[in-house]
Amino acid sequence: MALEMKVPSPGESITEVEIAQWLVEDGDYVEKDQAIAEVDSDKATLELPAEASGIITLKAEEGDAVAVGEVVCLIDTDAPKPGGGDKKASGDEGSGGDAEKELAQKDAKKEDTNEKGDAKKEEPSKSSTPSQSQDKKSYATGTPSPAAKKTLDEKGIDAKDVKGTGRDGRITKDDAVNAKPSMGTPGTGSRGESRSKMSMLRRKVAERLVSVKNETAMLTTFNEVDMSAIFELRNKYKEDFKAKHGVGLGFMSFFTLACVRALEMYPAVNSMIDGKEMLTYDYKDISIAVSGPKGLMVPVIRNAENLSFRGVESEVKRLALRARDGQITVDEMTGGTFTITNGGVFGSMLSTPIINPPQSAILGMHNIVERPIVRDGGIAIAPIMYVALSYDHRIIDGKESVGFLVAVKEALENPEELLMDNNVLKALEM
């Protein structure tokens, strides 16, 4: 019996996915629950497990966009599991023999098609030679069709730089689509190029980033944080913290809890626009931007206001590993009321992070560099991080945005008092 495997729904708002990679070959024997494919949605990359054991027949190619509920492969559940080499050599008529015959028939059809195509190509040469057809010019030579002209104008390419393949040298739409802008006078070195299709996730991220720039009144405010107090705490307790809890005492727990405190003080930053209304949340779901193999992913730490330093660090580690291993689910990236992104891990000194819609603000962390500062009337060297808050000015005023960032700065520079209630051991659950 042939079992039809259909694309499951990754989430409520997702209607289409893309076959990123088949993990098996057509005609392979697969076991139940074995991962047979990776599928990209506009939110995450997910594995597709086999629903039964049997011989698989693929019905979609890598890169194909398929609707949720569409059949992507068949599994012959009656096919016997391949055994030793002798069985394969004798060839079970129901599996190996038929597969070889089908491949042979496909090759034969391809050869027939190629021969017919060659014959058709040769027919025009009876009436006119290739040189005659190429030399024939008219008013249409080098003139783009209306559709081609529109495409060339969008790409900023002059029609005289494009060779037409249409009748009498006319520039067709395909010519315009395939046309490349001039890269100047070629140099003497290698000038190769490659073209690859963007994943559905990458295309969706690009679309959302552009929409944010066009649909929000985004501004960014900056400040600097003296990280000395956090460095001292980490140097003193990080070894014991890791030995007891199994996770490191990193910077993310300090920043997450500092943001939770600031969101309590400035609730407008924890709000969103919904039509003509402003939604303000009493919980803090903090999205953490993570660079994964398929692109930027933003898993969510739920109810961060209820978590301790240990809780935040454990959740950050769990979500980051799942994102980097491609195991993150759509549900784990859905929602979020505020986002933290850390460009400092890549060496960024300063940036203007882009809001993660439909949220209204995002905090950008950066690298930590020793810089001279004024402390107690004298010059001192301290580990300094520049922080940035991008926000939607439609619902967050300058007073609130600046006040929020100052509150984050104060908590990070005095974590023992403002984040640990003057009891470090209790806060770290030591």
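Let's start with Asp285, which is buried, with a relative accessible area of 8%. Please keep in mind as we go that this is a predicted model.

Who is the partner of Asp285? The side chains of Arg302 and Asp285 meet in a salt bridge, at 3.7 Å from N to O. Arg302 sits in the loop between β15 (300–301) and α9 (309–324), while Asp285 belongs to the loop between β11 and β12, so this pair ties together parts that are 17 residues apart in sequence. Arg302 itself counts as partly exposed, at 33% relative accessibility.

Is Lys284 buried or exposed? Lys284 counts as buried, with 3% relative accessibility, because the cut-off for buried is under 20%. The side chain of Lys284 forms a salt bridge with that of Glu264, at 2.8 Å from N to O. And where are these two found? Lys284 is in the loop between β11 (277–280) and β12 (286–288), and Glu264 is in helix α8 (residues 251–265), so here the pair ties together parts that are 20 residues apart in sequence.

A quick word on the general idea: side chains of opposite charge can pair when their charged atoms come close.

Lys149 is partly exposed here, with a relative accessible area of 45%.

While we are in this region, there is a record to mention. An unreviewed UniProt entry lists residues 143–180 as "domain: Peripheral subunit-binding (PSBD)". In the model, that span is 42% helix and 0% strand, and its end C-alpha atoms lie 17 Å apart.

How many salt bridges does the count come to? The count comes to eleven. Some residues join up in a network: Glu315, Arg318, Arg322 and Glu332 are linked by salt bridges in this way.

Which residues form a negative surface patch? They are Glu16, Glu25, Asp26, Glu61, Glu62, Asp64 and Glu70. Take Glu61 as one of them: you can find Glu61 in the loop between β6 (54–58) and β7 (65–67). Glu61 is exposed, with a relative accessible area of 57%.

Key:
Residues numbered from 1 in each chain as written. Predicted model: local features only at pLDDT ≥ 70, side-chain atom pairs only at ≥ 80, totals over all residues. Heavy atoms only, no water. UniProt positions renumbered as here; feature names shortened; annotations may be inferred. Helix = DSSP H or I, 4+ residues; strand = E, 2+ residues; numbered from the N terminus. Patch = residues over 30% accessible without salt bridge, like charges linked within 9 Å, V, L, I, M, F, W, Y side chains within 5 Å. Areas by Shrake-Rupley, 256 points an atom, 1.4 Å probe, with all protein chains shown as cover. Salt bridge = Lys/Arg side-chain N within 4 Å of Asp/Glu carboxyl O. Lys, Arg positive; Asp, Glu negative; His and termini not counted. Charge placed at Lys NZ, Arg CZ, Asp CG, Glu CD. Buried < 20%, exposed > 50% of the residue type's maximum accessible area, 1.4 Å probe, protein only.
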